[in-house]
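Hi there,

Here is the structure I promised to pass on. My notes follow below it.

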Amino acid sequence: MAYTLAPLPYDYTALAPTLDEQTLHLHHDKHHQAYVNNLNAAIEKHPELFSKSVDELLLDLTAIPEDIRTPVRNNGGGVANHNQYWEIMTPGGSAAPVGKLAAKIVSTFGSIDDFKTKFNAGGVGRFGSGWVWLVSDKSGNLSIVSTANQDTPASDGLIPILGNDVWEHAYYITYQNRRPDYLAAWWTVVNWDIAEKRYEAV
Ligand code: MN
């Protein structure tokens, strides 16, 4: 069974003005779809791997046959990273971090605002295209990491809690070159309830 692209879980206008309608159409319908298509094309060469979820493929890239390892890393990463990206946003956002995650963010980074500042700096500091993440290790310790291209922290044994896309295709129509403005505005659509659920699952 080939991998498929789930519909956007809200209307294309639902995240405006933080993320505009045209950006969501291009980002979901074109960019994310292309990662799905390209992943399927790669896995066709080893169709037994279709039995694994995309997340499972990425957990151990050394287990992927060498002839498709790079396309799986790039396109499988693109599929998984965008799946979590759409899920971690919601119209209007949720007001503030909740539960155990909020407490751990405060004890790790000092305050919610300090955390956001460090996360945004991680996104600004990513040279070229990539992602900035709040991740947990298997013991529940939090850190902020940045990955290049479509690499996912899951391939390094870390659990993504929150990931923001800093590829220009994520923000250029509204924010042009102003990546820091996009990163600052993004918090208004973050779904902290999902972040808490991801952390509880750790
Ligand atoms: Mn993207």
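His82 sits in helix H3 (residues 66-87) and His169 in the loop between strand E3 (159-165) and helix H6 (172-175), so the pair ties together parts 87 residues apart in sequence. Helices (H or I, at least four residues) and strands (E, at least two) are DSSP runs, numbered from the N terminus.

Please keep in mind that this is a predicted model: local features need pLDDT of at least 70, side-chain atom pairs count only at pLDDT 80 or more, and totals for chains, interfaces and linings use all residues. Numbering starts from 1 along each chain as its sequence is written, and side-chain values use heavy atoms, without hydrogens and water.

The chain is divided into domain 1 (21-87) and domain 2 (99-201), with bounds from an automatic or database domain assignment. Contact between them (heavy atoms within 4.5 Å) takes 18 residues from domain 1 and 20 residues from domain 2. The count between the domains is two salt bridges, meaning a side-chain nitrogen of Lys or Arg within 4 Å of a carboxyl oxygen of Asp or Glu. Glu87 and Arg198 meet through their side chains in a salt bridge (2.8 Å, N to O).

Best wishes
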